[in-house]
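Please take a moment to look over the sequence and the model together before reading on. The paragraphs below lead through them step by step.

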Amino acid sequence: MRRRVVPVAIAAAGWLGAAAAAQNGGAAAWQPPPAELVARARALLEEVPLVDGHNDLPWELRTRFQNHLAAIDLTQDQSGLEKPLHTDLVRLERGGVGAQFWSVYVPADIANPTVAVLEQIDVVHRLAARYPQALEVALTAADVERIHRAGKVASLVGVEGGHAISDSLAVLRQLYAAGARYMTITHSKNTAWADSATDAPQVGGLSPFGVEVVREMNRLGMLVDLSHVSAEAMHDALDAAAAPVVFSHSSARALDAHPRNVPDDVLRRLPQNGGVVMVTFVPGFLSEAVRAWWAEEDAAEARFKALDPGDPEAAKTALEAWREANPAPRATLAQVADHLEHARQVAGIDHVGIGSDFDGIPSVPLGLEDVADYPVLLAELLRRGWSEGDVKKLAGENALRVLREAEKAAAWLQRERPASDALIGELDKQTPGT
């Protein structure tokens with residue numbers, strides 16, 4: 001089946017009202033692009049699949065419904081929930097999404113992370129089985145193109161956090177066999193073999209075992225995802241990589257100094273590696289004003305907990321009052337476009353993509369309310385002078401190229417060397433007590 005065309009005038013009305021109503025963070029100045037540009041963007045997504053690098057719907061299904069998929073009907077618009085979902089099949093179709101990397105995230109401190117991540121991979125497979133008219137699991141770039149031609153969303157699996165392999169290359173291989181096509185080397189905390197961007201440095205980037213993880217991922221054909229890792233780990237992975245890397249959901253550090261973003265010296269290495277930075281919609285990674293507000297909120301929360309250490313409800317009430325008195329600024333779609341343009345300027349048009357993090361973020365940029373709004377972002381780029389060819393590269397052609405190149409590298413590497421049987425204790429020799 002083909003995707004239904006949504007009347008642009010109807011879709012644009014809400015964004016105009018939101019833009020007029022917003023009064024902070026510079027949001028009021030942003031206006032959506034003209035309807036004719038949105039229509040052009042929609043037409044482009046009939047030609048090339050929009051590949052989104054990161055969506056956390058599987059984790060929402062776990063936390064809200066304990067992975068009982070019958071508890072929610074994703075064929076219906078779920079934006080009206082008390083806590084709205086950003087994703088359902090209706091809005092995926094409306095947004096022209098052709099391929100989605102579903103994040104199979106589990107927290108860094110969860111017990112039995114390997115069991116938990118396998119449960120999340122199972123959710124992706126069960127979603128495709130439950131909604132075969134709309135979703136189909138994809139394992140290769142050719143699968144993505146075939147599924148897109150059939151009018152469905154190609155569903156790929158992305159493991160978020162190297163803690164999921166429990167320091168075992170054997171587990172890594174079995175995750176690949178289960179369908180995982182990228183793994184984020186860390187999440188918010190370090191692994192024993194890689195430093196996170198948001199944790200105190202432990203190994204100075206990648207340890208020798210961390211380098212071996214990258215090598216084995218390349219041999220398998222699993223994309224090395226460098227979102228969440230430290231800048232030193234980014235460089236170490238690029239030094240070790242024999243295939244293109246991805247940043248599944250990161251933005252430009254030059255525009256927002258959050259450590260989760262990609263510095264320019266790393267962006268400048270992407271052309272040689274062939275990789276892609278998939279710019280994210282996380283407001284604190286887009287806007288310095290939002291990032292500063294996040295820091296103030298964290299400080300306020302810590303202060304209220306310290307003032308009422310035995311009364312968590314009092315601390316919670318105080319924080320809610322602080323938020324009411326200090327409303328959060330909003331990032332905007334225009335800032336997403338700014339980050340895309342910066343990444344394009346530094347890394348080149350062949351090395352940019354989109355990685356929303358929908359359903360993994362508590363707030364969204366103005367103009368990008370959910371998965372239905374990708375055409376508006378592409379229309380904004382057309383308004384800024386991007387050619388249709390450049391927009392198609394951003395939307396999906398770059399991501400598909402990376403997948404194909406990773407597959408080619410794997411075919412060659414598998415002829416060159418067998419599966420690695422290295423153990424972390426052998427490569428990362430630790431002294432007693434460290």
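How are H15 and H16 oriented to each other? Before answering, note that this is a predicted model, in which local features need pLDDT of at least 70 and side-chain atom pairs count only at pLDDT 80 or more, while totals for chains, interfaces and linings use all residues. Residues are numbered from 1 along each chain as its sequence is written, and side-chain values use heavy atoms, with hydrogens and water left out.

Two packed helices are described by the angle between their axes and the distance between the axes. Helices (H or I, at least four residues) and strands (E, at least two) are DSSP runs, numbered from the N terminus. Helix H15, residues 333-347, packs against helix H16, residues 374-383, at an angle of about 60 degrees, and their axes are 10 Å apart; the axes are lines fitted to C-alpha atoms, for helices over the stretch in contact, and angles run from 0 to 180 degrees between N-to-C directions. H15 and H16 are therefore oblique to each other, since angles under 35 degrees count as roughly parallel, over 145 as roughly antiparallel, 65 to 115 as roughly perpendicular and the rest as oblique. The contact (heavy atoms within 4.5 Å) is made by Leu-333, Val-336, Ala-337 and Leu-340 of H15, together with Val-376, Leu-377, Glu-380 and Leu-381 of H16. By class, the contact of H15 with H16 has 7 nonpolar, no polar and 1 charged residues, where Ala, Val, Leu, Ile, Met, Phe, Trp, Tyr, Cys and Pro count as nonpolar, Asp, Glu, Lys and Arg as charged, and the others, Gly among them, as polar.

Of its 10 residues, 9 are buried, so H16 is largely enclosed by the rest of the structure; buried means under 20% relative accessible area, exposed over 50%, and partly exposed in between (1.4 Å probe, protein chains only). Among the buried residues of H16 are Tyr-374, Pro-375 and Leu-378. Just after H16, Gly-385 takes a positive phi of about 105 degrees.

Helix H13 (residues 288-307) and helix H14 (residues 312-325) pack at an angle of about 150 degrees, with their axes 9 Å apart, and that makes H13 roughly antiparallel to H14. The residues in contact include Trp-293, Ala-300 and Phe-304 of H13 and Ala-315, Leu-319 and Trp-322 of H14. By class, this contact of H13 with H14 has 7 nonpolar, no polar and 6 charged residues.

Most residues other than glycine have a negative phi. Asn-112, however, has a positive phi of about 55 degrees although it is not a glycine; Asn-112 is found in the loop between strand E2 (97-103) and helix H5 (113-130), and is exposed, with a relative accessible area of 57%. Asp-359 likewise has a positive phi, near 65 degrees, and lies in the loop between strand E9 (352-354) and H16, but Asp-359 is buried, with a relative accessible area of 6%.

Finally, consider confidence. The protein averages a pLDDT of 92, and 92% of the residues score at least 70; pLDDT is the predictor's confidence in each residue, from 0 to 100. Over residues 1-25, pLDDT stays under 50. Where pLDDT is low, the predicted coordinates should not be read in detail.
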